[in-house]
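Here are a few exercises to work through with the model open. Try each task before reading its solution.

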Amino acid sequence: DMSGWLLMGLPGAIYSAGLVEAWIAIGLTVGAWLNWKFVAPRLRAYTEVSSNSITIPSFLENRLHDKSRMLRVVSGLLVLTFFTFYVSSGMVSGGVFFENSFGSSYRIGMLIVAGVTVLYTFFGGFIGASYTDMMQGLLMMAALLMVPALGIFEVGGPAQMLETVTAINPNAFSLIAGTTAVGVASSLGWGLGYFGQPHIIVRFMALRSAADAKAGRRIGIGWMVLSMAGAVFTGLIGLAYFAQHPELTLDNPEAVFLAMTQILFHPLVAGFVLAAVLAASGEAQAASPTRSAAFSTRFLAVAAPAADVPMSIAARTCATTWKSRSNRLPLVRKPRSASRPWKSAIPAKVAAPRPAPSRRPARPAKAADRFACNKASSRSSKPARSATAPASSSPNPVAVAKEQAASSSTKRWP
């Protein structure tokens with residue numbers, strides 16, 4: 001989600017006011033964690049239940065069973081309207097970058113950043129924007145870690161940096177100096193925006209399954225903590241460095257990251273580091289054309305017949321990409337409960353079947369039993385008595401031996 005604000009706005013705020021401006025970074029990190037924890041798995045599960053919706057307007061329509069399609073149109077218009085202001089911040093950072101790095105016009109820098117972003121979004125669609133977001137995020141994190149890592153040695157170490165910054169601004173390392181409870185709450189409230197930003201929520205809808213939200217939360221929050229810590233230290237180290245070198249001036253505090261990059265690195269390396277600013281500027285704008293293309297596809301299908309309105313390249317690309325993505329989705333199981341359907345999307349651990357108890361072999365016959373069997377067999381070879389012979393009152397030993405042999409062969413160990 002981070003745009004040019006992470007590389008220019010946050011270091012500039014720390015450079016100007018100190019750690020009191022870090023409440024915004026804290027609020028954003030907490031809000032992102034809560035968003036991943038509570039919204040991501042539920043939204044992914046409900047997305048599958050709601051006919052595999054691929055956009056926020058279509059999800060709201062399917063989830064709330066809106067037959068008039070007004071909810072889809074109104075929500076899509078709101079996304080396009082407010083994303084205009086969000087994208088403008090990325091264009092501003094791109095203009096400042098070209099103005100400070102190449103000495104070109106502010107307007108030309110904005111147009112170049114906007115043109116490149118729209119170009120790869122048109123041809124790549126959502127998949128293209130997702131891959132570029134990953135590469136841009138890695139580039140931004142590497143740049144934000146490299147600048148303070150080298151800058152701390154240039155100012156003489158952590159102790160010297162602390163002494164220099166404290167001499168310039170005694171309250172630079174205080175989180176409460178110069179602010180109020182309302183100001184802290186307002187800064188922390190920035191994190192509430194994560195729960196409704198479409199370019200963030202749509203990433204949750206693109207998860208393979210609701211169970212992947214746990215791994216995504218760990219990776220995303222880890223990236224945010226490292227990147228924001230690097231931005232905060234860049235502002236503090238920049239303040240100490242320019243205080244130790246009064247011959248250097250910094251007119252725009254938001255350009256402290258750009259200035260430190262050009263001072264610390266070789267021009268070749270600085271070019272790769274400065275590319276992170278362009279990556280951050282493009283990341284903010286890449287989400288908007290993707291959402292606009294997806295919305296235009298749905299809106300045109302509602303507002304006019306398909307034969308009368310030609311579909312744009314972005315709309316066709318995004319629709320094709322999302323269609324191929326939805327075809328690869330796993331089969332949806334019926335939710336166990338209407339109040340908690342996201343639990344059904346998480347595969348339950350199936351216990352392995354217990355092996356059948358092994359039956360022990362029959363107990364071998366005792367010596368007495370074997371003797372009785374042999375004796376019975378020898379007696380059975382003798383001629384039988386005649387029917388007229390008087391019957392003995394004692395039991396027949398042959399029958400008794402046979403019964404004992406039969407019972408010993410069938411008896412098993414307990």
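**Exercise 1: a salt bridge and its surroundings**

Arginine 69 is partly exposed at 37% relative accessibility (buried is under 20% relative accessible area, exposed over 50%, partly exposed in between; 1.4 Å probe, protein chains only). This is a predicted model, where local features need pLDDT of at least 70, side-chain atom pairs count only at pLDDT 80 or more, and totals for chains, interfaces and linings use all residues. Residues are numbered from 1 along each chain as its sequence is written, and side-chain values use heavy atoms, with hydrogens and water left out.

Task: find the salt-bridge partner of arginine 69.

Solution: 
- Look for a side-chain nitrogen of Lys or Arg within 4 Å of a carboxyl oxygen of Asp or Glu.
- Glutamate 61 itself is buried, at 6% relative accessibility.

**Exercise 2: across the sequence**

Task: work out which helices hold aspartate 133 and arginine 203.

Solution: 
- Start with the pair: their side chains form a salt bridge at 2.3 Å, N to O.
- Aspartate 133 sits in helix α5 (residues 106–154) and arginine 203 in helix α8 (residues 198–205), so the bridge ties together parts 70 residues apart in sequence. Helices here are DSSP runs (H or I, at least four residues), numbered from the N terminus.
- Now check burial: aspartate 133 is buried at 17%, while arginine 203 is partly exposed at 23%.
- Finally, shared partners join Glu61, Arg69 and Arg72 into one salt-bridge network.

Terms used: Helix = DSSP H or I, 4+ residues; strand = E, 2+ residues; numbered from the N terminus.
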